[in-house]
Amino acid sequence: MARSVSAKAENEVSARQRRVPLAEALDAQRINRLAHFDVPAHKGGRGNPELTEYLGARAMAMDVNSMKPLDNLGHPVSVIREAQELTAEAFGSDDAFFMVNGTTSAVQAMIMATVKSGDEIIMPRNVHRSAINALVVSGAVPVYINPGINRKLGIPLGMSVADVRKAVAEHPSARAVLVNNPTYYGICSNLVEIVKIAHEAGMTVLADEAHGTHFYFHGELPVSAMAAGCDMSAASIHKTGGSLTQSSVLLTRRPVNPDYVRQVITLTQSTSASYLLLSSLDIARRNLFFRGKQMYQQTMDFADYARDEINELGGYHAFGPELVNGDTVFAFDRTKLSVHTRDIGLAGIEVYDYLRDDYGIQIEFGDIGNLLAIISNGDRMMDVERLISALEEIKRQREKSPAGLFDHEYIDPVIAMPPQEAFYAKKRRVAMRESTGQIAGEFVMSYPPGIPIVAPGERITPDVLAHILFAKEKGCFMTGTEDMSLEYINVLA
Amino acid sequence: MQTELWYTDEHTRDVRFSMKVSEQLVSRKSPVQQIDIFDTPAYGRVLVLDGGLMITEKDEFIYHEMITHVPMAVHPRVKNVLVIGGGDGGTVRELVKYRAIESIDLVEVDKHVVLLAKKFLPFTSSKLKDRRVKVWFEEGLRYVRGKKAEYDLIIVDSSDPYGPAEGFFTREFYGTCYKALRDDGILINQHESPFYAAHQRSVRDAHRHIAVEFPVSTVYQCHIPSYPSGHWLFGFASKKYHPIGNLDEARWNKLRITTRYYNTALHRGAFALPNYVLDILREEETK
């Protein structure tokens, strides 16, 4: 009896999830052929035939403004609200918010909805710049936990449970703990345990799931933030979930007050949200609900195969679940294809450049010692074979001694003052090469991955400077400073 | 009035080549591609992959003879040969004419092409059962990756680079072929046509990539009536032998191999290229 009731409930969920209320309304609107005397001025594309030729008539017809039948993202009462409710159901959260300014805006909204000026927030230092940006804006003060480091690979890992416990005990008035789930390299902390520790201390748990959307749709992947009991999560559906670039979602669970979160989002989010982005979230959610498992199975199969074949080549180390150590690598995301390149005497960024310039293969990023290729169900076996073969060819033709290569991606920061204070302090410009010992007034990072090498308020140590200069010399795309050429850096006066 | 069935091969978006069909024998969707086989009054039996014409009974001999006998008349001791693609068996049919060849590995990603060729295309597939021939159903790139100095001759008998054969027009593929060849090995590849823009793009890409990996690299031509523009190229790349300088006419002619298109005089002529083709090669070599 109970069984048939649950089967019935399951059917009802399926029937609901089959709907795409926002996309349906948008399509109805397109067919309706209203006479438009509202923005955008291209009016279904007729006002800009060149762009229509370029993007396609259908995309232009979908690019409309908020109107009654299409609801309003800042104050959703009909189709956007329904679409968000379906998203919450699909992800197992209580509430969901569509975001059109990237996961950056989702990360910032969840931080700003949780901490105010002067509040402490516990986080690993290897966060994306968007998290530290949120501290610059809000004035909250970070309590950094140095992530574990894998010495051989030189990469930062997750936070250890003991370190979280210690930070929570030492900073009992901290309001929140922020966790990467996973890191760019696919490494997860012990999220369930961290949630337990934080909740016992009355702290909110925020998850940066910019690289973890897929965790919600396949049982063999690491636990998702919502399943682990986190209070909020920024999930980048556009990165691994199939929606259009820049669309994202913020997931929350009670007791987080959704109406307050919406107000915080509205502080900075566009009042002209793109319906192309919004409808892509609606359709991606349905696709994930019904086909996610199959998509990510295929993704894992591709990635597992590529890892085995690349490790077979020798020299490269395509690392994977063998890194799991029960703590700083509590789980590994098998869909990520990360490859350590240092042993063939090439920086990850050098291999990244050879792949694109010589072999016509674009990967996600290369940094000092590693590269990362994003694998998805959109790949074809032939392309995976190409990547493996190109790596073999680069090794055959360009392998050299690893001597002299920088061996780590992560440097423990020396914090001199909170990010906001440093960002707005009186500053002066000094030559980068002569900046040792100064307090940075701005960020320096390679993008991607966008994890600051130095952030506002941190001291520029000799190690930091060496890292910056090496990354620049090897051709990393360096960002963050006012000076676009990175010859100078603003430091505190 | 009688109903007529016509098959159209889209040579470019603006140019089409059609032939009347008397009967459709096969229409199968394999995991790799759509496979069709027709009987036609003008070209006999034809094989079509993903809508594109692959071979016709009437003119396949030109293609298969030119892709095989040119390197065989240059390299003095071919013992181990790798054929990538070529599931119809036509290239293998020409290779087995050489008694000195000891082994032929055929790597075809689509098993269905071979199975259907055996049943419907006996004129090309008849020698696949030769005892020296081993057929591997595998992705070509993957197969070659594991090989080091194992072959004297590699023949890339692929379809156009807009589908399963895309990977065979890449630098990494030519580089792995280089590695799989012995020190005096030769690589021959289906090199598309220089005439229409889309195909010329492939000619350029292939030549640019091959020229980086091989010390000797050029193309030779032949005339294949059913292919786009009719003017077709093959790539000749080698670690040592020059296609004309090392052509041994007497040796080849003594073998008394029967051919309908190839002869050693034509061999020399095939490397005499039109100026616009020479320009294309030069431009890519200096990039």
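1. Start with helix α7 of chain B, residues 197-213, in this predicted model.

2. Seven strands of chain B make up an open sheet. Their order is β9-β8-β7-β10-β11-β13-β12, and the pairing is mixed. Strands of a sheet pair through backbone hydrogen bonds, and the pairing can be parallel or antiparallel. On average, neighbouring strands of this sheet are turned by 15 degrees against each other, direction ignored.

3. Which strands stand at the edges? They are β9 (133-136) and β12 (216-223) of chain B. Each has a single partner strand, so one side of each is left without a neighbour in the sheet.

4. Look at one pair in detail. Strand β10 (residues 151-157) and strand β11 (residues 181-190) of chain B run parallel. Five bridges join them. Val156(B), for example, has Asn189(B) in β11(B) as its bridge partner.

5. Next, the contact between the chains. Chain B puts in 14 residues and chain A puts in 13 residues. On the chain B side, α5 (140-145) and α6 (171-180) each supply at least two residues. The largest share, six residues, comes from α6(B). By class, the chain B side has seven charged, four polar and three nonpolar residues.

6. Turn to chain A. Its domain assignment gives domain 1 (2-51), domain 2 (72-289), domain 3 (291-398) and domain 4 (419-492). The C-alpha centres of domain 3 and domain 4 of chain A lie 29 Å apart. Where these two domains touch, eight residues of domain 3 are in contact with eight residues of domain 4. Helix α14 (residues 348-359) of chain A gives the most to the domain 3 side, with three residues. That side divides into four nonpolar, no polar and four charged residues.

7. Helix α14(A) also packs against helix α15 (residues 381-398) of chain A. Two packed helices are described by the angle between their axes and the distance between the axes. Here the angle is about 105 degrees, and the axes are 11 Å apart.

8. Which residues of α14(A) and α15(A) meet? From α14(A) come Val351(A), Tyr354(A), Leu355(A) and Tyr359(A). From α15(A) come Ala390(A), Ile394(A) and Arg398(A). By class, this contact has six nonpolar, no polar and one charged residues.

Definitions and conventions. Residues numbered from 1 in each chain as written. Chains lettered and ligands numbered in written order. Predicted model: local features only at pLDDT ≥ 70, side-chain atom pairs only at ≥ 80, totals over all residues. Pairing = 2+ DSSP bridges. Helix = DSSP H or I, 4+ residues; strand = E, 2+ residues; numbered from the N terminus. Axes fitted to C-alpha atoms, helices over the stretch in contact; angles between N-to-C directions. Contact = placed C-beta atoms within 7 Å. Nonpolar A, V, L, I, M, F, W, Y, C, P; charged D, E, K, R; others polar. Domains from an automatic or database assignment.
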